[in-house]
Amino acid sequence: MQEIIKQQLGQMKLYGMQQAYTAVLANKRPDSLTHDELIHLLVQAEWENRENRKINRSMKGAKFRYQASIEEIDFDKSRNLDRTQLLRLAEGVFIQKKEDLLITGASGVGKSYIASALGHQACQLGCRVLYFNTQKLFSRLKMSKGDGSYIKEINKIEKFDLLILDDFALQPLDNHNRNTLMEIIEDRHGRRSTIIASQLPVNVWYEVIGESTIADAILDRLVHKAHRIELQGESMRKLKSK
């Protein structure tokens with residue numbers, strides 16, 4: 001009977017229950033638990049299994065640049081990284097409030113890692129997260145105009161709780177990329193959260209975006225109410241290589 005139950009649980013894809021039931025059989029007799037206790041144990045195991053699978057799917061779908069975690073971030077004073085601020089951001093309240101985060105600093109100081117760590121944490125909290133190298137996103141959306149899937153792609157991006165745009169403003173935006181950025185920011189402003197990581201300080205983004213009217217509109221939606229992290233110090237890659 002016990003083997004039949006385990007087999008049927010597997011066939012119904014109740015893998016959490018199956019594992020918990022197997023553990024109960026291995027460690028103690030099922031009749032040592034009350035009916036309520038056994039049911040609670042099995043249901044809790046199934047719920048946790050499904051939650052973990054959902055988180056894993058979310059992390060896989062986000063396509064992060066790094067497998068990063070908040071616990072592994074270096075808070076050395078030379079980095080100008082406020083531990084309290086970052087831990088509060090990791091709680092995900094800024095995502096609930098539909099607020100944005102701008103991370104700036106020279107190449108190698110850890111912008112992408114911090115953005116990815118916050119993205120991983122958001123997945124753990126049940127948020128839908130999408131990570132992109134900004135230039136690759138622009139190239140992808142430019143190609144989507146050719147095959148007619150542009151609107152579908154833009155609508156898909158809008159639905160994610162957190163969008164991470166990494167390596168922003170490495171080169172001046174052309175007309176297509178400028179308009180695309182405007183559309184993304186406009187769609188998400190006040191509705192979803194965005195993290196933007198860039199080597200350039202925010203005060204030069206205006207020039208990189210170009211076209212004063214659009215630049216004004218984009219920065220007005222991004223800058224004034226956004227959280228900011230302005231990293232300093234040596235390249236973390238160089239420090240690790242030493």
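A: Helices (H or I, at least four residues) and strands (E, at least two) are DSSP runs, numbered from the N terminus. This is a predicted model, where local features need pLDDT of at least 70, side-chain atom pairs count only at pLDDT 80 or more, and totals for chains, interfaces and linings use all residues. Residues are numbered from 1 along each chain as its sequence is written, and side-chain values use heavy atoms, with hydrogens and water left out.

Q: OK, where does Asp-167 sit?

A: Asp-167 is in strand E3, residues 162–168. Its phi is near 55°, a positive value in a residue other than glycine.

Q: And is Asp-167 buried or exposed?

A: Asp-167 counts as buried because its relative accessibility is 16%. Buried means under 20% relative accessible area, exposed over 50%, and partly exposed in between (1.4 Å probe, protein chains only).

Q: What about phi of Lys-63?

A: Lys-63 also isn't glycine, and its phi is positive, near 60°. Lys-63 lies in the loop between helix H3 (35–62) and H4, and at 59% relative accessibility it counts as exposed.

Q: Switching topic: at what angle do H4 and H6 pack?

A: About 40°, with the axes of H4 (residues 83–90) and H6 (residues 111–124) 9 Å apart. Axes are lines fitted to C-alpha atoms, for helices over the stretch in contact, and angles run from 0 to 180 degrees between N-to-C directions.

Q: Which residues make the contact?

A: Leu-86, Leu-89 and Ala-90 from H4, and Ile-114, Leu-118 and Gln-121 from H6. Contact means heavy atoms within 4.5 Å.
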